[in-house]
Amino acid sequence: MPSILKSLSLIADPTRVRILLLLKQEELSVAELQEVLALPQSNISAQLAKLKSAGLVTDRRSGKNRLYQLDEPSSKDKAAHEHFIALMEAAGAELKEAKKDDAALKVVLRKRMRSAQAYFDTLAGKFGRHYIPGRSWKGLGETLLKLLPPLVIADLGAGEGTLSQLLAQRAQKVIAVDNSEKMVAYGADLASKHGFANLEYRLGDIEEPPIEPGSVDLVFLSQALHHALNPERAIRAAYAILKPGGRIVILDLLKHQFEKARELYADVWLGFSEAELHEMLAKAGFREAETSVVHRESQSPHFQTVLAMANKG
């Protein structure tokens, strides 16, 4: 254990405190720490080097990764170690980022547990590569849609309404909301042509959808949230229009660095991390949030799609 003065010096830096609090809970790689802390890799590596040099952190090789953890004290240092941990936790209580770190850590740990995801990713990559009579994504999608109970569904940021029309095949009612008059007119015309009497298009913004509070069972935000000026407000609005026990489903871009998306696609936000989605859903009042990355494009810039779901308590 470092001396008391050295200990005080080490926890004078907020980043080091955040790292130590995380490593107290779980053994983590630099990449995982980077995802939780949202800090540059170079910064995290430099702080880990200082903590390791001070004897507070150890590491071990695991495959291609190096995992870091708090060093276990010897029996004679145990009391000093406990005092240091108490001091560190007291310092962490003053950092508002520490609570966010805990939420982000849960996301990272859930990712670890998705060992089956690799299998399904491989399966998805092969699906359709070889011809098998009768097998198609359309057939699979139609089957899954038929399993939906007849719900009242809001499709916020519906665009031309492709998803809305698919959902209308089974739903009790679908309310498609978009802020473009042309899109609403186009979608309404298609709904009329295809005979969807249970599909209604409404002009409005996803941050203030023209839907009665507590009136829908399910809210979809499909590739719409990164166009919102205030995503948190859009999620709060979704919460307001849901019935108790209702669900929200978000399909959006995983956070990326392709700045040209702002110009090419009028994107306001460059996607969202899983931790950010968890935080926004929790702030709005949603519970039991789940997130996962469900698709990665093969062509540059390799956009990834993140799925988030949660319940209204």
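**Aromatic pairs and a helix crossing**

Start with W269: at 37% relative accessibility, this residue is partly exposed. Keep in mind that the model is predicted.

Now colour the aromatic rings. The count comes to 4 aromatic pairs. Zoom in on Y239 and F286: the ring centres are 5.0 Å apart and the planes meet at 85 degrees, over the 60-degree cut-off, so this pair is edge-to-face. Show the secondary structure here. Y239 belongs to helix 11 (residues 231-241) and F286 to strand 9 (residues 286-296), so the pair links distant parts of the chain, 47 residues apart. F286 is buried, with 6% relative accessible area.

F272 is buried at 4% relative accessible area, while W269 is partly exposed.

Select F258, Y265 and F303 together: they make up one aromatic cluster.

Go back to Y239 and show K312. The charged end of K312 sits over the Y239 ring, 4.6 Å from the ring centre.

Last stop: helix 2 (residues 14-25) and helix 4 (residues 41-53). How do they pack? Their axes lie 10 Å apart, at an angle of about 75 degrees. The two helices are therefore roughly perpendicular to each other. On helix 2, select T15, R16, I19, L20 and L23; on helix 4, select N43, I44, Q47, L48, K50 and L51. These residues make the contact. Colour them by type: 6 are nonpolar, 3 polar and 2 charged.

Terms used: Residues numbered from 1 in each chain as written. Predicted model: local features only at pLDDT ≥ 70, side-chain atom pairs only at ≥ 80, totals over all residues. Heavy atoms only, no water. Phe/Tyr/Trp six-rings, centres within 6.5 Å; stacked < 30°, edge-to-face > 60°. Helix = DSSP H or I, 4+ residues; strand = E, 2+ residues; numbered from the N terminus. Buried < 20%, exposed > 50% of the residue type's maximum accessible area, 1.4 Å probe, protein only. Lys NZ or Arg CZ within 6 Å of the ring centre and 35° of its normal. Axes fitted to C-alpha atoms, helices over the stretch in contact; angles between N-to-C directions. Parallel < 35°, antiparallel > 145°, perpendicular 65-115°, else oblique. Contact = heavy atoms within 4.5 Å. Nonpolar A, V, L, I, M, F, W, Y, C, P; charged D, E, K, R; others polar.
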